[in-house]
Amino acid sequence: MGYKINQQLGEKIARERKKRNLTQEELAAKVNVQTATISNIERGETDTSVYTVYKIAEVFKMHVKELFVFR
């Protein structure tokens, strides 16, 4: 179950990042994490901290709960 949520969250973050024409490197710099961290999140390979998800939502100018709406 946890892996599926990580995967869905990662896919959502990747879509939102691409919509905003940001590279993984640019998003990582804005969130103050390593590029590898963004890559791992987008591939669903890591349990992301709430703080990191919050910072990503801030960059995207969206509410954090919107990142958890999977369609």
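Lys19 and Glu16 lie three residues apart in helix H1 (residues 2-19), and are therefore separated by about one helical turn. Helices here are DSSP runs of H or I with at least four residues, numbered from the N terminus. This is a predicted model, in which local features need pLDDT of at least 70 and side-chain atom pairs count only at pLDDT 80 or more, while totals for chains, interfaces and linings use all residues. Residues are numbered from 1 along each chain as its sequence is written, and side-chain values use heavy atoms, with hydrogens and water left out.

The side chains of Lys19 and Glu16 form a salt bridge at 3.3 Å, N to O; the term denotes a side-chain nitrogen of Lys or Arg within 4 Å of a carboxyl oxygen of Asp or Glu. As to accessibility, buried means under 20% relative accessible area, exposed over 50%, and partly exposed in between, with a 1.4 Å probe and protein chains only. Glu16 is buried at 8%, Arg20 is partly exposed at 31%, and Lys19 is exposed at 60%.

Another salt bridge joins Arg17 to Glu42, with the closest N and O atoms 2.5 Å apart. This pair links distant parts of the chain, since Arg17 belongs to helix H1 and Glu42 to helix H3 (residues 35-42), 25 residues apart. Both Arg17 and Glu42 are buried.

Definitions and conventions. Helices (H or I, at least four residues) and strands (E, at least two) are DSSP runs, numbered from the N terminus.
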